[in-house]
Amino acid sequence: MTAIREQIFAGIETALRTDTGAAEIERMPPGDPDQFDALHIIDDGQDPEEQTEAATSRFDMSFSIDGFVEGAGTVMHSRLNALHAKTVHAVMAFGDNSPLVEEIREGALRIARLDLGSKRRLAFSKDFFITIPTRRGEPDPA
């Protein structure tokens, strides 16, 4: 069976491809985006939760999505806000509808101005947290 973490990341990637219209969607990218608008999925690991029951472990899986747009001024900022909104909608809808996800929560949003390849770009980084149950000692779904 495929590990629960892989199933969740694959589901998030599919949701972003289906619902955001981004030209580039990449999981754990090795560098800057090649196309814009771009979304990069970053695995930030997981921590055990205190709440447990017999034969089940719970983890808070954390990840962030970095979004990138290019352009100028107000139009670029509007595109960034639209990409962020579509991203949050896609990820939260996936989490709310996945039988693998016990709970999904939004975290912090950070905005940055970037010079990548001598072009004007804006970026966001949005944190998410997913609580997942697994069989104690096994990475498969509970």
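The model is predicted: local features need pLDDT of at least 70, side-chain atom pairs count only at pLDDT 80 or more, and totals for chains, interfaces and linings use all residues. Residues are numbered from 1 along each chain as its sequence is written, and side-chain values use heavy atoms, with hydrogens and water left out.

Rings of Phe, Tyr and Trp (its six-membered ring) pair if their centres lie within 6.5 Å; planes under 30 degrees apart count as stacked, over 60 as edge-to-face and the rest as tilted. The count by this rule is two aromatic pairs.

Show Phe9 and Phe63 first. Their ring centres are 6.0 Å apart and their planes stand at 75°, so this pair is edge-to-face. It links distant parts of the chain, with Phe9 in helix α1 (residues 4–19) and Phe63 in strand β3 (residues 56–70), 54 residues apart. Helices (H or I, at least four residues) and strands (E, at least two) are DSSP runs, numbered from the N terminus. Phe9 has a relative accessible area of 4% and is buried (under 20% relative accessible area; exposed is over 50%, partly exposed in between; 1.4 Å probe, protein chains only). Phe63 is buried at 0%.

With ring centres 5.3 Å apart and planes at 15°, the pair is stacked. Phe128 belongs to strand β5 (residues 119–135), 65 residues from Phe63, and both residues are buried.

Glu13 is buried, at 16% relative accessible area. Beyond neighbours within four places in sequence, Glu13 is in contact with Ile25, Arg27 and Ile41 (heavy atoms within 4.5 Å).
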